[in-house]
Amino acid sequence: LGTGHALLLTARDETAADPVLATVETELRRAARAHGGRLSTRTDGEPGPDVRLVLATTAVHPQPLPGDAAATEHAWHALVRRVLADPGTLPPESFRLVRDAGVTVVAASSGTGLLHGLHHVARDAAARPGRAAEDTAVTDEVRSPAQAVRMLDHWDNVDVHDVMGQVERGYAGGSLFFADGALRDDLGRAEEYARLLGSIGINRVGLNNVNVHAREARLLTEGLPDVVRLAAVFRPHGIRVHLSVSFAAPMTVGGLPTADPLDPGVQRWWADVTAHVYRAVPDFGGYVVKADSEGQPGPFAYGRDHADGANLLARALAPFGGTVFWRAFVYDHHQDWRDRSTDRARAAHDHFAPLDGRFDENVVLQVKHGPLDFQTREAVSPVIAAMPRTRLAVELQVTQEYTGQQRHACYLAPWWREILDLRPWGEGPTVADVAIGDGPGGRPGALVAVSNVGDDPFWTGHPLAQANLYAFGRLAWDPTLAPEAVLDEWVGLTFGADPDVRAGVHAILDDSWRTYESYTAPLGVGFMVTPGSHYGPSVDGYEYSPWGTYHFADRDGIGVDRTRATGTGYTGQYPAPWRDVYEDLATCPDELLLFFHHVPWGHVLHSGSTVVQHVYDTHFAGVERVEEMVGTWAALAGRVPEDVHARVSERLDEQLRSAREWRDQLTTYVFRKCGVPDARGRRIY
Ligand code: GCU
């Protein structure tokens, strides 16, 4: 704004009804304090000629503008009048952005739309420091989120859980919401977090872990005042809250003898409890449910299926406009490794595809992006193409469970873009389109991710892991954004305009996911991690486990045969062309080779290398890349805040140690299995 004015225009009775408008005003005041300029609202009288930014709700039309009583009509008056005379129909989250002669006008039909517009303007200013003021380009555009439901799931427990700690798979300290077995008295950081999520367009938050323990199951009842307080933290940023609930709650919380979804007493219990929740939180989003999965209770105990289970909750939520997010992460976790006929990758499709068409309209089936479990590389889940009559959410994992646990720098946006861009039918809609509602069934679903935030002073443990959170929000808003461009925004907003910092962070993060892939499990085989913690190498750690996580390496070869011809038949769950692309060694992409095929160590990849030489080369190269990352970051000392520099340095040291460990274990393991030496004679133990 420089010394100019920002003007917030709302209709008289709007602010009381829309708490997000108060946030817009607070944000403008904060910005003016930090960067100069003044804010006026409609009640402040004559703002003069130097108005640079106007945020107006469409309800303002046709009321008179401030300063109308004065004799002079300023240039900005004319522009605002023009925009508000014909604002177009703007859905609540959209905004219209008009720039003309150095004045920017943002118009929206709701506080949320204005807030999105304001954050857009702020991002833009950060991307073009010093230039916005001179900008004379004329713009008139409407911006809307591609994806209507953009959700972050917290795997937070109220209590510290004996095995998982407080945040399941959390690598950034304890919960921002709960401490010492209760909701925090001081929710100041949660408020800052809500602000942060609002700025990247997240509009739903799941408050608690999908594995619902006894204490957390009671958030529905005795714990409801906690939910009321948290909803009040998120509401001013346009975010609705959800609870993960236990399917057994009618018994464990309600004291009923059964949780059978077809039992009228159970149905009544859910209806009553849900009505009680909505009395306390009228804009409650709904439930998230992990059922019959990894020991969580579900409908199978009563001989019912997942549609019976999901519809039970959907019908309790429907009168209030709530949604149930029912997770498709269902498989047999008591598998016998000797049993070669069971394939965990098949499980979600086997369970859910036959239920297509049976789910109520307010059920969203939440499908992990891959058929296994958030591996560094796996195929896209075939469920996404199999259920046109069901609303589908694609679930990503921002928390880096299998991708370095926020000790390794691993920017995940390039991976997410590959997933979202895949065309399940070869041509036509992408995975992102299916989630948006532009798939064959036309049903809107959601983009959901597991959060990576905790009470760590840097929010995400590894300060550079904030880029993943930022990228998730931005890609949920617009899945066509380029990962490098998104990173560029984040660097500018986080570190300012220093070109060396910008270049350094790009050098570290742009390819960091592929780097991580290169020194860990090769060619899509997955799961060579330490059992339980999932951190660091343990090549055979899961090889004889009950979890369905095998690579079948022996002296002759490695990989999982998931073909129709000789394997588990998993390739047959895909529509054409993928069922054939993956089935055939000649067309299966290298990076997924061992996910789909068992091949000899000497098998020649499309790249021209053999499998064994590929393992050697990528593992040595990966460690070299991490060595470069360490050097690049060291050179930024003094250019970024000292505490950030120290924390990232410490994490990079660990990344380098761990990458060497991965390299040495993987190369040694492979050499001992097959006896083929490295063609380049490097050191193998
Ligand atoms: C992974 C993770 C679990 C989590 C599960 C889920 O398996 O290791 O901690 O509960 O995913 O998504 O439900």
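**Ligand site and aromatic contacts**

The structure described here is a predicted model. Around the ligand there are 13 residues, and the closest of them are Glu-168, Lys-290, Lys-368, Asp-373 and Glu-401.

For Glu-168, an N or O atom of the side chain lies 2.5 Å from an oxygen atom of the ligand. For Asp-373, the corresponding distance between a side-chain N or O atom and a ligand oxygen is 2.7 Å. The side chain of Glu-294 also has an N or O atom facing the count, with a ligand oxygen at 3.3 Å. On its own, the ligand has 320 Å² of accessible area, and the protein covers 96% of this.

Aromatic rings were examined next. Across the whole structure, the search finds 28 aromatic pairs. One of them joins Phe-177 and Phe-178, whose ring centres are 6.1 Å apart; the planes of these rings meet at 85°, so the pair is classed as edge-to-face. This class requires an angle of over 60 degrees between the planes. Phe-177 has a relative accessible area of 0% and is therefore buried. Phe-178, with a relative accessible area of 1%, is buried as well.

A further pair is formed by Phe-595 and Phe-596. Their ring centres lie 5.1 Å apart and their planes are at 70°, so this pair too is edge-to-face. Phe-595 is buried, because its relative accessible area is 1%, and the cut-off for a buried residue is under 20%. The value for Phe-596 is 0%, so Phe-596 is also buried.

The charged end of Arg-340 is placed over the ring of Phe-552, at 3.7 Å from the ring centre. In another case, Arg-344 lies over the face of Tyr-331, and the distance to the centre of that ring is 3.8 Å.

Definitions and conventions:
Residues are numbered from 1 along each chain as its sequence is written. This is a predicted model: local features need pLDDT of at least 70, side-chain atom pairs count only at pLDDT 80 or more; totals for chains, interfaces and linings use all residues. Side-chain values use heavy atoms; hydrogens and water are left out. Rings of Phe, Tyr and Trp (its six-membered ring) pair if their centres lie within 6.5 Å; planes under 30 degrees apart count as stacked, over 60 as edge-to-face and the rest as tilted. Buried means under 20% relative accessible area, exposed over 50%, partly exposed in between (1.4 Å probe, protein chains only). A charge sits over a ring if NZ of Lys or CZ of Arg is within 6 Å of the ring centre and within 35 degrees of the ring normal. A residue is near a molecule or strand if one of its heavy atoms lies within 4 Å of it. A polar contact is a pair of N or O atoms within 3.5 Å; within protein, one must be able to donate a hydrogen and the other to accept it, and residues adjacent in sequence count only if both atoms are side-chain atoms. Accessible areas come from the Shrake-Rupley method with a 1.4 Å probe; for residues, only the protein chains shown count as cover.
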